[in-house]
Amino acid sequence: MSSSDPETQEEPKPSFDDPEAIESFTSTKTLEETDQTNAPMSENQKEEDEDEEEEGECGFCLFMKGGGCKDAFIAWEDCIKQAEENNEDIVEKCFEVTSALKLCMEAHADYYEPILKAEKAAEQEAVKQLEKEKEEEAAAAAEKSESHEKEK
C-alpha cells in the first residue's frame with residue numbers, strides 16, 4: 001500500500017544485495033551528519049552527538065541502534081569493549097548478551113532481516129569450509145595409510 005504523497009511513502013527496507021545499501025551501512029557518517037532536519041536539540045543530545053561524532057560511529061552501529069534492539073545492541077557493544085580492554089575471552093564473557101541480542105533481532109526480524117540473512121549465509125559458509133577441511137584431512141589420512149601399507 002503506497003501513497004503518491006512522497007512524505008507518507010515508506011522507505012524501502014535495506015538490502016545487502018544492493019551495493020548502495022551496503023555503502024550506507026558501512027559509512028562512517030554520524031546521525032548528525034546525515035540528519036537533514038534543523039530540529040532543536042537539548043544540551044544532552046548535543047553532547048551525545050559530539051561524542052558519537054568524535055568516535056565516528058559506524059553505519060552498522062547506527063543501523064543496529066535504529067531498530068527495536070538498540071538497548072540489547074548497546075549492552076553487547078559495552079560487553080565487547082570491556083572484554084577487549086581486560087583481555088578476556090569475548091565469546092565466553094559476552095555469551096548471554098549476544099544471545100539476548102540475537103533473540104531480540106529475531107523478534108524484530110522485519111527490521112533486522114538483512115543482518116540475519118547475512119549471518120545465516122556466513123554460518124552456512126563456515127559449515128561448508130569445515131566440511132571441506134574434514135574431507136581434506138580424511139583424504140590426507142587415507143593417502144598416508146595407503147603409502148604406509150605399500151612400504152610393508
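In the predicted model, cysteine 61 is buried, with a relative accessible area of 12%. Cysteine 58, by contrast, is partly exposed, its relative accessible area being 27%. Cysteine 61 is also one of the residues in contact with glutamate 77, together with Glu57 and Lys65, when neighbours of glutamate 77 within four places in sequence are left aside. Glutamate 77 is placed in helix H5, which comprises residues 70-85. Its relative accessibility of 14% lies under the 20% limit, and glutamate 77 therefore counts as buried.

A search of the whole structure returns 2 disulfides. A disulfide is a covalent bond that joins the sulfur atoms of two cysteines. One of the disulfides is formed by cysteine 69 and cysteine 104, whose sulfur atoms are 2.0 Å apart. The torsion about this S-S bond is about -105 degrees, so the disulfide of cysteine 69 and cysteine 104 is left-handed. This pair links distant parts of the chain, as cysteine 69 lies in the loop between H4 and H5 and cysteine 104 in helix H7, 35 residues apart. Cysteine 69 is buried at a relative accessible area of 1%, and cysteine 104 likewise counts as buried, at 17% relative accessibility.

Cysteine 79 and cysteine 94 also form a disulfide, with a separation of 2.1 Å between their sulfur atoms. Here the torsion about the S-S bond is about -100 degrees, so this disulfide is left-handed. Because cysteine 79 lies in helix H5 and cysteine 94 in the loop between helix H6 (90-93) and H7, the pair ties together parts that are 15 residues apart in sequence. Cysteine 79 and cysteine 94 are both buried. With the bonded cysteines of the chain numbered in sequence order, the pairing reads 1-4, 2-3.

Helix H7, which contains cysteine 104, spans residues 95-107. Its 13 residues reach 18 Å from the first C-alpha to the last, close to the 18 Å expected at 1.5 Å a residue. Buried positions in H7 are Leu101, Cys104 and Met105. Viewed down the axis of H7, the buried residues fall within an arc of 100 degrees and so line one face of the helix. Phe95, Glu96, Leu103 and Ala107 are exposed on the other side of H7. The cover over the buried residues of H7 includes helix H4 (59-66), H5 and helix H8 (109-151).

The count of aromatic pairs comes to 5. Among them, phenylalanine 60 and phenylalanine 73 form an edge-to-face pair, with 6.0 Å centre to centre and 75 degrees between the planes. This pair links distant parts of the chain, with phenylalanine 60 in helix H4 and phenylalanine 73 in helix H5, 13 residues apart. Phenylalanine 60 is partly exposed, with a relative accessible area of 33%, whereas phenylalanine 73 counts as buried at 1% relative accessibility. The rings of phenylalanine 63 and tyrosine 111 have centres 4.5 Å apart and planes at 15 degrees, so this pair is stacked. Phenylalanine 63 counts as buried at 7% relative accessibility, while tyrosine 111 counts as partly exposed at 28%. Phe60, Phe73 and Trp76 form one aromatic cluster.

Note on methods:
Residues numbered from 1 in each chain as written. Predicted model: local features only at pLDDT ≥ 70, side-chain atom pairs only at ≥ 80, totals over all residues. Heavy atoms only, no water. Helix = DSSP H or I, 4+ residues; strand = E, 2+ residues; numbered from the N terminus. Buried < 20%, exposed > 50% of the residue type's maximum accessible area, 1.4 Å probe, protein only. Contact = heavy atoms within 4.5 Å. Expected span 1.5 Å × (residues − 1). Arc of directions from axis to C-beta. Phe/Tyr/Trp six-rings, centres within 6.5 Å; stacked < 30°, edge-to-face > 60°. Disulfide = S-S within 2.5 Å.
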